[in-house]
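Welcome! Have a look at the protein below, and then let us walk through its parts together.

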Amino acid sequence: MLRHGHLFFYLADESGHVLSLAGDNLDTDKNSLLASGSRSDIGDWQLHLKSKEVLELHYSGFRTPHIHNLSDLVQHNLGAQVRKFGQMRLSDSSEDSPNILVFQISESIPFKADIAFVSGTKVKTSKVKERVSRLTGASLTSLLQDKQTEFDVKFERCFNVADKLEPDSTFVGKVAIANMLGGIGYFYGQSKISIPENSSLRGHDNFISYWPAELYTAVPSRPFFPRGFLWDEGFHQLLIWRWDVHICLDIIGHWLDLMNMDGWIPREQILGSEALSKLPEEFVAQYPSNGNPPTLYLVIRDLLDGMEKNKFTATESKGITSFLERAFVRLEAWFQWYNTTQKGKEMGSYYWHGRDNKVTRELNPQTLTSGLDDYPRASHPSDEERHLDLRCWMLLAANCMQSITQLFKKDNKPEKEYGSTAKLLSNFDMLNQMHLHPLVGAYYDFGNHTEKVRLSWKETRVGTRELVREVLEQPVPRFVPHIGYVSLFPFMGKIIPSDSWILGKQLDLISNSTVFWTDYGLRSLSKTSSMYMKRNTEHDPPYWRGPIWMNMNYMILSALYHYSKEDGPYSDRARVIYDDLRGNLIRNVVRNYHQTGFLWEQYDQKKGKGKGARLFTGWTSLVLLIMAEAYT
């Protein structure tokens with residue numbers, strides 16, 4: 001049975017330069033030229049389409065300054081054609097002076113077509129016909145085969161998985177790194193910064209614009225999250241530095257350049273019209289009191305460790321050293337921002353700012369700043385909270401800063417400061433006093449909390465009901481009794497001594513099928529939690545309340561791998577759990593990919609099915625490092 005396919009591709013000039021069609025009736029069998037134009041930076045240019053097959057080709061031209069709404073323009077055009085003629089094809093017409101041209105090939109699958117863009121076409125020595133020939137047909141096929149071979153060789157050199165995987169798994173690993181690299185983009189624009197309510201600057205808009213900034217970064221998902229996320233980026237770079245450390249350093253540098261004079265970096269980079277179009281207005285403004293997990297320190301720790309173990313060439317090591325020396329001032333300011341603004345009331349405690357203590361519609365006030373969104377925290381936000389995950393992130397940051405000061409033999413004051421902070425936060429007895437429930441053997445947040453909270457339907461006006469939060473008892477300062485990813489942060493941070501009974505308890509929790517364990521990976525929240533798979537509002541389904549997330553599973557695997565190598569009574573058990581978990585994660589991601597063609601944002605803890613955003617080649621791509629057994 002023949003299948004009919006439609007391939008759409010477009011040419012756009014965001015500066016508004018006019019794009020000229022080769023003619024009203026495009027016939028590539030007679031003339032391969034589709035369009036032409038001119039720009040000051042590249043001169044005159046042409047776009048050609050070559051195929052050995054007779055293709056059905058349609059087009060539409062648009063004049064608009066808003067490139068980000070191109071899908072809407074195309075869908076409107078197609079809809080009009082379907083209503084008029086009953087056929088899904090572009091209108092073969094153009095608005096005056098178009099700066100966007102959209103082309104549609106409609107043909108039976110499979111078909112082949114090559115598209116070539118050539119610049120400098122008015123130059124006497126341009127040799128357009130010869131250049132188009134070299135960029136299409138057999139010449140292009142040969143070039144692509146050479147590049148495929150280069151990619152395969154580099155893939156194996158970087159990740160060394162040939163003896164560890166079946167071919168179907170290796171293929172998914174290649175998809176992961178290829179799409180991660182393909183998702184790297186350049187963004188330019190101005191963030192919107194929220195103005196505090198008590199500020200004299202507060203006006204009608206309630207925000208001010210950040211300076212015009214550029215950002216070179218990977219993104220979690222090109223179609224769904226086409227923008228930079230601070231805590232995602234640290235995980236992205238764990239892959240990218242292994243492929244090309246220079247790209248990695250360039251990206252980290254761009255992020256650090258977004259820092260303001262206080263040492264704060266906006267956690268979500270909504271730069272440009274396309275990024276803005278993907279987000280509701282209420283989520284656009286960034287709050288300078290709020291942080292995000294400083295995961296870039298994960299990468300910096302990897303780079304420092306790699307230099308110590310001679311994993312880099314002399315040129316690479318020199319580049320890393322030079323970068324860290326130039327970045328030190330910003331890294332220091334970043335650390336100090338966290339260490340002062342996110343500090344808790346007790347020495348050695350921290351809490352994520354930004355939780356709303358006045359919510360009426362959320363079952364548990366979200367902690368978007370932690371990256372774990374609806375993961376259950378204290379029911380009543382306050383400055384009494386102690387957030388376990390942030391404490392562990394701060395230990396990572398302090399250790400990194402101490403290592404950098406030692407590398408450059410900085411004066412004793414900062415080295416001592418970072419060393420004393422690291423010593424304080426790695427104090428096992430203090431950690432246990434502040435966060436461990438000794439009877440359960442689990443680590444918890446601490447805060448003003450009650451378990452007796454629910455969402456109830458309430459009539460707001462005649463004929464209208466909504467779900468509102470109902471508190472059935474007064475909260476009290478206590479441990480927040482939810483076992484989930486946050487509970488494992490001391491384990492992930494490798495803070496627990498290898499001979500401690502507490503390590504054995506963590507392994508019990510991880511391997512318990514009513515707590516973390518599933519056949520597809522570790523769930524984000526224990527089935528024993530009162531918040532397990534509960535909606536947070538009428539419109540917000542559970543997010544970090546059960547589903548499996550790859551970034552946390554990667555960090556847990558890293559810790560299991562570490563403890564399996566350490567002398568102690570739990571090494572053998574850690575190894576068994578590690579092997580089983582690694583196998584489960586790889587099998588499930590590979591199976592889902594071959595069934596759907598996508599890596600997914602998260603995976604269902606009951607059946608392992610991909611959930612959330614698809615084509616999520618951000619931190620889900622960490623499955624490749626799991627395949628390679630390359631851990632932080």
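## A sheet that starts with β2

Strands β2 and β3 (residues 33-39) are antiparallel partners, joined over two bridges. Within this pair, Ser-20 faces Ser-36 in β3. Please keep in mind, as you look at such details, that this is a predicted model.

The pair belongs to an open sheet of four strands, ordered β2-β3-β4-β8, with antiparallel pairing.

Parallel pairing can be found between strand β5 (residues 56-62) and β6, which are joined by two bridges. If you want a spot to look for, Gly-61 stands opposite Ser-94 in β6.

For an antiparallel pair with eight bridges, find strand β18 (residues 453-461) and strand β19 (residues 464-471). Trp-457 stands opposite Leu-467 in β19. The two strands form a hairpin with two residues between them, and Gly-463 in this hairpin takes a positive phi near 80 degrees.

Most residues other than glycine have a negative phi, and most peptide bonds are trans.

Which peptide bond is cis, with omega near 5 degrees? The bond from Ile-109 to Pro-110 is the cis one. Pro-110 sits in the loop between β7 and β8 (114-119).

Asn-160 is not a glycine, yet its phi is positive, near 50 degrees; you can find Asn-160 in the loop between α3 and α4 (167-182). Met-533 is not a glycine either, and its phi is positive at about 55 degrees. The loop between α14 (501-511) and α15 is where Met-533 lies.

How can we tell where space is left inside a model? Rolling a probe the size of a water molecule over the atoms shows where empty space remains. How many cavities of 30 Å³ or more does a search of the whole structure find? The search finds one. The largest cavity holds about 40 Å³ of space. Its lining is made of Tyr-375, Pro-376, Tyr-443, Tyr-444, Asp-445, Val-480, His-482, Val-486 and Ser-487. Sorted by class, that lining has six nonpolar, two polar and one charged residues.

The second largest pocket has a volume of about 1,300 Å³. It is lined by 47 residues, and those closest to its centre are Arg-301, Asp-302, Asp-305, Tyr-631 and Thr-632. Several helices each give at least two residues to this lining: α3 (137-159), α5 (230-243), α8 (296-308), α10 (388-407), α13 (489-492) and α15 (550-565). The helix that gives the most is α10, with 10 residues. By class, the lining of the second largest pocket splits into 23 nonpolar, nine polar and 15 charged residues.

## Stepping back to the whole

Finally, let us zoom out. The protein has 17 helices and 22 strands. Its radius of gyration is 27 Å, close to the 26 Å that the globule rule gives for 632 residues, so the protein is as compact as a globular protein of that length. Along the principal axes, the C-alpha atoms fill a box of roughly 80 × 70 × 55 Å.

Technical notes:
Residues numbered from 1 in each chain as written. Predicted model: local features only at pLDDT ≥ 70, side-chain atom pairs only at ≥ 80, totals over all residues. Heavy atoms only, no water. Pairing = 2+ DSSP bridges. 1 Å grid on protein atoms, 1.4 Å probe; cavity = no way out; pocket = protein on both sides within 12 Å on 5 of 7 lines; lining within 4 Å. Points joined across faces, edges and corners; volume = space filled by probe spheres on them. Nonpolar A, V, L, I, M, F, W, Y, C, P; charged D, E, K, R; others polar. Rg over C-alpha atoms; globule rule 2.2 N^0.38 Å.
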